[in-house]
Amino acid sequence: MKKTLIITGGAGFIGSHVVRLFVNKYPNYHIINLDALTYAGNLENLKDIEDAANYTFVKADITDPEGIKTVFEQYKPDGVIHLAAESHVDRSITDPNAFIKTNVMGTANLLNTVKELWKGDFEGKRFYHVSTDEVYGSLGAEGFFLETTPYDPQSPYSASKAASDHFVRAYGNTYGLPFVLTNCSNNYGPNHFPEKLIPLFINNIKNNKPLPVYGDGKYTRDWLYVIDHARAIDIVFHKGKNGETYNIGGFNEWQNIELVKLLIKEMDKQLGRPEGTSEKLITYIKDRPGHDRRYAIDATKIKNELGWEPSVTFEQGLSQTIQWYMDNEEWLSEVTSGNYQKYYEKQYAS
Ligand code: NAD
Ligand code: TYD
């Protein structure tokens with residue numbers, strides 16, 4: 001079946017894996033990657049598919065109502081997979097307004113745009129909102145986040161994502177907009193921007209730089225390989241029920257400090273350093289304000305109802321991730337030097 005899909009934030013970490021999966025798997029779909037190319041957007045992530053016949057990149061900002069209306073009227077999408085967001089908790093602490101603008105206003109703007117475009121004729125239409133487990137707040141030592149867990153966001157990032165989730169559900173309830181929504185745990189994998197824990201620490205271990213561990217290092221996250229998240233998005237987009245929420249997680253909890261020690265072990269092996277050499281780089285620093293203690297997803301619903309589960313173990317995923325960063329030194333140096341932002345000008349100059 002032919003379809004036109006707009007994927008927002010497709011030049012980012014998760015978005016680029018989703019775009020690649022859809023472009024390769026669905027040659028009959030026209031995939032429009034709509035991205036503003038903020039600091040987190042990098043078209044070099046998609047070099048391998050940029051010339052595909054069913055792929056189009058459009059530079060546009062989801063917070064710009066007129067610009068978004070023009071793109072949507074031009075391409076008339078049947079579906080939207082919305083990933084564009086400000087995504088880094090630490091940045092949300094220093095600049096919350098950027099998060100309110102993009103994550104809340106930008107999402108509302110997309111909802112208004114599809115509401116107008118589809119004009120109540122929702123046959124074959126779907127708005128997929130990609131969200132985070134951080135909307136549920138922080139867990140103690142026990143328990144898991146379920147789809148029914150009450151929202152309790154603690155950072156400006158998670159509050160802005162929670163607000164956007166509420167708007168999506170409200171448009172479903174009020175206007176009948178067909179939507180699906182997923183809340184996913186921490187992702188890791190290739191193309192992850194090196195401001196987040198795993199890629200930052202891979203880069204720092206490689207360059208013998210300090211590894212800044214916040215607080216006591218005993219904060220816990222549930223890690224999922226990004227390609228498994230992209231697979232889940234494909235399954236939910238095609239098989240999820242309208243109006244439903246699905247939690248996505250890795251069944252894979254790690255305390256930060258244990259994860260850092262595992263990374264060090266793997267990296268030292270890769271770099272030919274005696275085991276444990278890089279442990280001296282661990283540097284405990286001042287904690288993140290309002291730091292959530294523990295996240296853990298119960299992903300039973302998506303497993304039982306849609307048959308999704310992670311395809312790789314953490315050991316496999318982490319080793320593939322380290323290998324990718326070792327093999328893609330140029331990507332990393334372009335990102336850390338800021339040069340990647342020139343790629344758009346070079347590629348799309350004419
Ligand atoms: P990212 O920061 O790597 O990428 C975000 C992308 O959105 C970038 O390409 C950026 O250019 C684009 N963007 C930002 N503002 C925009 C705007 N105003 N208009 C158009 N494009 C804009 O983020 P990510 O880690 O790939 O996360 C993608 C989505 O998944 C986000 O909605 C995030 O909340 C959600 N999520 C992320 C994780 C995770 O672990 N990274 C986990 C669960 C959910
Ligand atoms: P991060 O990758 O920023 O994801 P999130 O905050 O969305 O979970 O951080 C993962 C964990 O690692 C979190 O507990 C904060 C911690 N962390 C550090 O200890 N040091 C760092 O430099 C960073 C970036 C994160």
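## The sheet

Seven strands form an open sheet in the order β3-β2-β1-β4-β5-β6-β10, with parallel pairing. Its edge strands, β3 (55–59) and β10 (245–248), each pair on one side only. On average, neighbouring strands of this sheet are turned by 20° against each other, direction ignored. Strands pair here if DSSP finds at least two bridges between them; helices (H or I, at least four residues) and strands (E, at least two) are DSSP runs, numbered from the N terminus.

This is a predicted model: local features need pLDDT of at least 70 and side-chain atom pairs count only at pLDDT 80 or more, while totals for chains, interfaces and linings use all residues. Residues are numbered from 1 along each chain as its sequence is written, chains are lettered from A and ligands numbered from 1 in the order in which they are written, and side-chain values use heavy atoms, leaving out hydrogens and water.

## Around β5

β5 (126–132) pairs with β6 (179–184) in the parallel sense over 6 bridges, and V130 stands opposite T182 in β6.

Two helices lie across this region. α5 lies across β5, β6 and β10, at about 155° to β5. Contact here means heavy atoms within 4.5 Å; axes are lines fitted to C-alpha atoms, for helices over the stretch in contact, and angles run from 0 to 180 degrees between N-to-C directions.

## Ligand 1

Ligand 1 is surrounded by 28 residues, the closest being I14, D35, S87, Y157 and K161 (a heavy atom within 4 Å is the criterion). The shell divides into 14 nonpolar, 11 polar and 3 charged residues, and β5 gives the largest share, 3 residues.

A polar side-chain atom of K161 lies 2.7 Å from an oxygen atom of the ligand; polar contacts are pairs of N or O atoms within 3.5 Å. The protein covers 96% of the 840 Å² of accessible area that ligand 1 has on its own (Shrake-Rupley method, 1.4 Å probe).

## Ligand 2

Around ligand 2 there are 18 residues, with E134, P212, R221, R288 and H291 the closest. They comprise 9 nonpolar, 4 polar and 5 charged residues.

An N or O atom in the side chain of R288 is 2.5 Å from an oxygen atom of ligand 2. Taken alone, ligand 2 exposes 510 Å², and the protein buries 96% of that.

Key
Polar contact = N/O pair within 3.5 Å; in protein donor to acceptor, adjacent residues only side chain to side chain. Nonpolar A, V, L, I, M, F, W, Y, C, P; charged D, E, K, R; others polar.
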